[in-house]
Amino acid sequence: MAYKQLKLWFDEELAELLANKFLENHVAINKNAFIDFIAQSIEELELKDRVEYIADALKQNLSGNYEEDISHFMKILGPENEKETGMFKEFYWIMPLAKYVEKYGLEYFDTSMQAIYEITKRNTGEYTIRPFLENYQDRTLTTLLKWSKDRNKHVRRLSSEGIRPRLPWANKLDAFSKDPTPILPILENLKDDSSKYVQKSVANCMNDILKDNPEVGKSVLETWSVDAGKERKWIIKHALRNLIKNNDTWALHLTKG
């Protein structure tokens, strides 16, 4: 199959796919109106704008009631993703649902958290969770701390990836760039995670912390280095990759052996 740019998956065909999923699960939607709404403007948009446009179309063409629409989303999600890949190749069509929660769900915290919990098992909630961290920091961190011990690797990974101060393609979380202390308990829970998918996220989060708060990051990694198993050693080394590349003496000493 020829390569197809990701943004091009978000078009009238996706509108038809979503409409069919709703209708197959007995959710009322005017299929033709929904597809026509997507078709009229989607071609001129880039990826992020396409995703948001489809999210807006969902709001306009479903019930318009947030909690009712979320219940409809839950009906069409289908089986969980058991792999550490496939978030975009197989579950790309969920991205507008996540954007819907991100854009319209702030006033419905509990409903939105449950939606993010289910969405991230198939696609990802790392962008969707960030407005909730900005507006309900303590409440959202409490939720993510619980999720950091979840049996599902995608949920555990979200608890780390969502709090990254410098998550690529997302706005910085300035509060955690200034003071990462509130997010450290989550990373502490994940420092020995068995999933490479989660390990990479924890390392990337620590790498973000090192850029803005090097002394805090170094202190955490020094503590972690004591009696570290292979998973934790990998996280430490990957977190320090930039310093190692620059032949930083401290980083090289911490990761030797």
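This is a predicted model: local features need pLDDT of at least 70, side-chain atom pairs count only at pLDDT 80 or more; totals for chains, interfaces and linings use all residues.
Glu-126 is buried, because its relative accessible area is 6%, below the 20% cut-off. You will find Glu-126 in the loop between α6 and α7.

Now show the side chains around it. The side chain of Glu-126 makes two polar contacts to look for: one with the side chain of Thr-124, at 2.6 Å, and another with the side chain of Arg-157, at 2.5 Å. Leaving aside residues up to four places away in sequence, Glu-126 touches Met-87, Arg-157, Leu-158, Glu-161, Gly-162 and Leu-167.

The largest pocket has a volume of about 980 Å³. It is lined by 32 residues, and Glu-126 is among the closest to its centre, together with Phe-88, Tyr-127, Pro-168 and Trp-169. Colour the helices too: α3 (47-61), α5, α7, α9 and α12 (196-212) each give two or more residues to this lining. Which of the elements gives the most? Select α12, which contributes 5 residues. If you colour the lining by class, expect 14 nonpolar, 6 polar and 12 charged residues.

For the last stop, go to helix α6, residues 109-119. Here 8 of the 11 residues are buried, so the helix is largely enclosed by the rest of the structure. Select Phe-109, Ser-112, Met-113, Ala-115, Ile-116, Tyr-117, Glu-118 and Ile-119 to see the buried ones. Then bring up what covers them, including α4 (66-76), α5 (95-104), α7 (130-135), α8 (137-147) and α9 (153-161).

Terms used
Residues are numbered from 1 along each chain as its sequence is written. Side-chain values use heavy atoms; hydrogens and water are left out. Buried means under 20% relative accessible area, exposed over 50%, partly exposed in between (1.4 Å probe, protein chains only). Helices (H or I, at least four residues) and strands (E, at least two) are DSSP runs, numbered from the N terminus. Contact means heavy atoms within 4.5 Å. On a 1 Å grid over the protein atoms alone, a cavity is a set of points where a 1.4 Å probe fits but cannot get out, and a pocket is an open set with protein on both sides within 12 Å along at least five of seven lines; lining residues have an atom within 4 Å of a point. Grid points are joined across faces, edges and corners, and a volume is the space filled by probe spheres set on the points. Ala, Val, Leu, Ile, Met, Phe, Trp, Tyr, Cys and Pro count as nonpolar, Asp, Glu, Lys and Arg as charged, and the others, Gly among them, as polar. A polar contact is a pair of N or O atoms within 3.5 Å; within protein, one must be able to donate a hydrogen and the other to accept it, and residues adjacent in sequence count only if both atoms are side-chain atoms.
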